[in-house]
Amino acid sequence: AHSNLGVIYRSEGNLGRAHDAFQRALKIDPNYREARYNLALTLKQMGRVDDARRQYKTLLAIDPNVADAYNDMGVMDLEATAYQSAMDNFTKAVELDPSYGAAHMGLGSALMEMGRFPECAAAYTACIDVDPNNFTCRNNLTVCNRKAALSTPAENATGALDACAENSAPEDAAACLYAKAKSLAEQGLRVEQEKALKRCAQENPRFALCHFDLFLIFQEDRKDGAARTACSNFMRAATREEYPDRFEDCDRFMASGTF
């Protein structure tokens, strides 16, 4: 009766009374799965995400086969940009219930954010298989396939960097690698950009701009020690007359005491 009252209160938007009703139900029977699940949902709606997650985990300790609990935790993980955890929770949900279209959709979203586009496409395809009228999955499948097509530069980046380094004199190789780094940055391939800049600095330590762009990356990543080293390398390789603005940026950083 308490649990049923909680459902009514929650449907009316009276989350406080719903919470109290589910709590009373669980005080009588701590293993009451429906009350536990509805309490978790209510806490999630109240914005008490950590409390909701604890209730879901308690529910799964009672019954590890509740696909809805894994799906709901996956949704919370997506909202928190915890994509690996989201993938794990959605995967568990679809393993328990292969016909769970929303969980397939959530799994696709997590995989797309992680850049795992073939798996993302498979998840959205599975969503469409169990729910042919799910237009969100259809649209997201198109987006996922488009991103997969655009991701090929990342796969070819290493080969392009090797060509720069192997087919040129050190000075020319550094310039080639720096140009590649700029191109990779424009494509949003940040990891490959950093690799290209490191190769550039290795090929020609006097190529100042590679050091400075590495500084920008390290500063953004809050790797203050690496950023300080990159700034020092830049200031040794360049002159203030050549790059006054960049020198000022390094001066400001080195004086900030953030390293």
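This is a predicted model: local features need pLDDT of at least 70, side-chain atom pairs count only at pLDDT 80 or more; totals for chains, interfaces and linings use all residues.

Author: Helix α13 is mostly covered, with ten of its 13 residues buried. The buried residues of α13 are Ala208, Leu209, Cys210, His211, Phe212, Asp213, Leu214, Phe215, Ile217 and Phe218. For the protein chain as a whole, buried residues make up 41% of the 259 residues.

Next, the length of the helix. α13 covers residues 208-220, and at 1.5 Å a residue its 13 residues should span 18 Å. The end C-alpha atoms are 19 Å apart, which agrees with that expectation. After α13 comes arginine 222, whose phi is positive, near 60°.

Cysteine 200 lies in helix α12 (residues 190-203) and cysteine 210 in α13, so the pair links parts of the chain ten residues apart. Both cysteine 200 and cysteine 210 are buried.

This link can be set beside others in the model. A search of the whole structure finds four disulfides. Another of them joins cysteine 127 and cysteine 137, with sulfur atoms 2.0 Å apart. With 85° about the S-S bond, that link is right-handed. Cysteine 127 lies in helix α8 and cysteine 137 in helix α9, so the pair ties together parts that are ten residues apart in sequence. Cysteine 127 and cysteine 137 are both buried.

Cysteine 120 and cysteine 144 form a further disulfide, their sulfur atoms 2.2 Å apart. Cysteine 120 lies in α8 (residues 117-130) and cysteine 144 in α9 (residues 135-150), so this pair ties together parts 24 residues apart in sequence. Cysteine 120 is buried, with a relative accessible area of 0%. Cysteine 144 is buried too, and its relative accessible area is 0%.

Finally, the setting of these helices. The protein chain has 15 helices and zero strands. Of its contacts with a separation of 6 or more, 43% are between residues 24 or more positions apart. The chain exposes about 13900 Å², and carbon and sulfur atoms supply 49% of that area.

Key. Residues are numbered from 1 along each chain as its sequence is written. Side-chain values use heavy atoms; hydrogens and water are left out. Helices (H or I, at least four residues) and strands (E, at least two) are DSSP runs, numbered from the N terminus. Buried means under 20% relative accessible area, exposed over 50%, partly exposed in between (1.4 Å probe, protein chains only). Contact means heavy atoms within 4.5 Å. Accessible areas come from the Shrake-Rupley method with a 1.4 Å probe; for residues, only the protein chains shown count as cover. The expected span of a helix is 1.5 Å times one less than its number of residues. A disulfide is a pair of cysteine sulfur atoms within 2.5 Å.
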